Amino acid sequence: MGRTNHAGIGVLAASAGLAAGHLSASVDEPAASPLVAVGTAVIDAAPTPLKELAVATLGTADKPVLIGSVLAVTLAVAGLIGILARRRLSVAGALLSALVMVGGLAALARPTATARDTVPALAALVVGVGVLVGLTELSRRTVPAGTRPGSAAVRGVSRRAVVGASVGVAVGSVLAGVGGQVRATARAARDLVLPRPVEPAAPLPTGLEASVRGISPLQTPTDRFYRVDVNLTVPRIDHDSWSLDIDGMVERPLRLTYDDLTRMRLVERDITLTCVSNEVGGGYVSSGRWLGVLVSDLLDAAGVSGPADQVLSTAVDGFTISTPLHALTDGRDALVAIGLNGAPLPDEHGFPARLVTPGLYGFVGATKWLRRLTVTTYAAEQAYWTRRQWATEAPVKTSARIDTPAPLSTVPSGRVAIGGVAWAQHRGVAAVEVRIDDGPWQPARLGPDIGVDCWRQWYLPWDAKPGLHRLAVRATDRTGDVQTADRAAPFPEGSSGIQEVVVTVS
């Protein structure tokens, strides 16, 4: 067998090992899968500009692209190892073992790793090396083409047998990999009924989406709510064994179970969340109805003491976010939320509990899969994004977005609705203005007012004339501040500028 065939054996060996490790990890901790663990390590090590470029360029496809890239590099190296195995099988086996153990070390480097997290790497090691040795030895015993039965070489195996074994390994790898992925991403079956809030939110009024086609709804459907985080796998948490610790600079450290939270004073609030990675006019912003306990109630129960200035929130996987203490105690409706849009939090949005802080970008106020709230100081503790030089306070900037007409679209002449949403959480939207071409700013009509923490729909009727037109929008918050025209990238404290879209009127 030639180089190409042996390269294929190396690829098959690595694929089988990775699939076995992925399947093994799905039983207990999907994040310990060698492939996922390496991908997570790459995310942690990547410089901030590269992360921002990935989000801006790839959007929600950034994670699949990362995993695909790690897999491609791994298989390329495995192909070279397969070629080496033709003559130096022991060396090739050692190199493949080292390649697999990179994933094992990455799994152990996770903040919450335990000894059990080595099991997926061991499974990958045994299967991968076993396949490499087995197929290589089988290929060495291949009967030369044209050999007649009864000859000295008849003790060997036919090429068909080698191909059959290879196909069997490939099929087994696909089944194991797919099985592991299905198991790792399966939603847990839960029969949870949320309690009624002590302070329910008022019924939502009819939004502009009922009359202005293409405008974002007043409440974002849960399955369309944006998701941006560093997790390649979604933590699966048993709410019966989960608990929330409140510790640090407090007089009375607390440990609360999920049932404890459901028995506390629950409130319902309409709050818009925004990701700091959202570009001007971008889609990383959504509005939902949240059910939860006020963080201020929890901190009062614990009794904040000393010169604290931040609350360090920790997720079940060890990820940390730092939130200014004043933003959790100044009267705004910051929540430890357990429900979204009338249902328990979905896994991907933080089940069983998450932090929701109106007026702050998610990276400083929206920890998902919450496990701990530590009252501390910025001098004593630095969170994940703080260590990467992102802003400390990061209030959401006043912004407006054009939803319709879409950029570069063509619309018929006549009466056209220009519409979208604007947000200035914790300050509220007072006005929205639209500019058409080089004309003056015109006041838009505002949709229902749900409160200062929720976005505001808007629209402007436009008598559109044929030709190419440029549309721009800006918002003014209730403090009187007008959305700035100064352009800024998301790093380090959120993007700014005026969105402009070009449309053709036919």
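Modeller: Arg-255 is exposed, with a relative accessible area of 56%, where exposed stands for over 50%, buried for under 20% and partly exposed for the range in between (1.4 Å probe, protein chains only). This is a predicted model, in which local features need pLDDT of at least 70 and side-chain atom pairs count only at pLDDT 80 or more, while totals for chains, interfaces and linings use all residues. Residues are numbered from 1 along each chain as its sequence is written, and side-chain values use heavy atoms, leaving out hydrogens and water.

Arg-255 forms a salt bridge with Asp-245, the closest N and O atoms being 2.6 Å apart; the term covers a side-chain nitrogen of Lys or Arg within 4 Å of a carboxyl oxygen of Asp or Glu. The pair links distant parts of the chain, with Arg-255 in strand S2 (residues 254-257) and Asp-245 in strand S1, 10 residues apart. Strands (E, at least two residues) and helices (H or I, at least four) are DSSP runs, numbered from the N terminus. Asp-245, at 5% relative accessibility, counts as buried.

By this rule the model holds 27 salt bridges, and another of them brings together the side chains of Arg-269 and Glu-199 (2.7 Å, N to O). Here Arg-269 lies in strand S3 (residues 266-274) and Glu-199 in the loop between H7 and strand S1 (243-248), 70 residues apart. Arg-269 is buried, with a relative accessible area of 17%, whereas Glu-199 is partly exposed at 28%. Salt bridges that share partners tie Glu-199, Arg-265, Arg-269, Asp-297 and Asp-333 into one network.

Further inwards we come to strand S7 (residues 335-340), where 6 of the 6 residues are buried, so the strand is largely enclosed by the rest of the structure. Two strands count as paired if DSSP finds at least two bridges between them. Strand S4 (residues 285-294) runs antiparallel to S7 and is joined to it by 5 bridges, with Trp-290 standing opposite Leu-340. S7 also pairs in the antiparallel sense with strand S9 (residues 354-356) over 3 bridges, and there Val-336 stands opposite Leu-355. With strand S8 (residues 343-344), S7 has 2 bridges, again antiparallel, and Gly-339 faces Pro-344. S7 and S8 form a hairpin with 2 residues between them, and Asn-341 in the turn has a positive phi of about 55°.

In soluble globular proteins, nonpolar side chains tend to be buried together. The largest nonpolar core here has 73 residues, and those with the most contacts inside it are Leu-261, Trp-290, Leu-299, Val-336, Ile-338 and Phe-363; such a core is a set of buried Ala, Val, Leu, Ile, Met, Phe, Trp, Tyr and Cys residues joined through side-chain atoms within 4.5 Å. Leaving aside neighbours within four places in sequence, Val-336 is in contact (heavy atoms within 4.5 Å) with a set of residues including Leu-244, Leu-261, Leu-291, Val-293, Leu-298, Leu-355, Leu-370 and Leu-373. Apart from this core lies another, of 22 residues, among them Val-429, Val-432, Trp-462 and Val-473.
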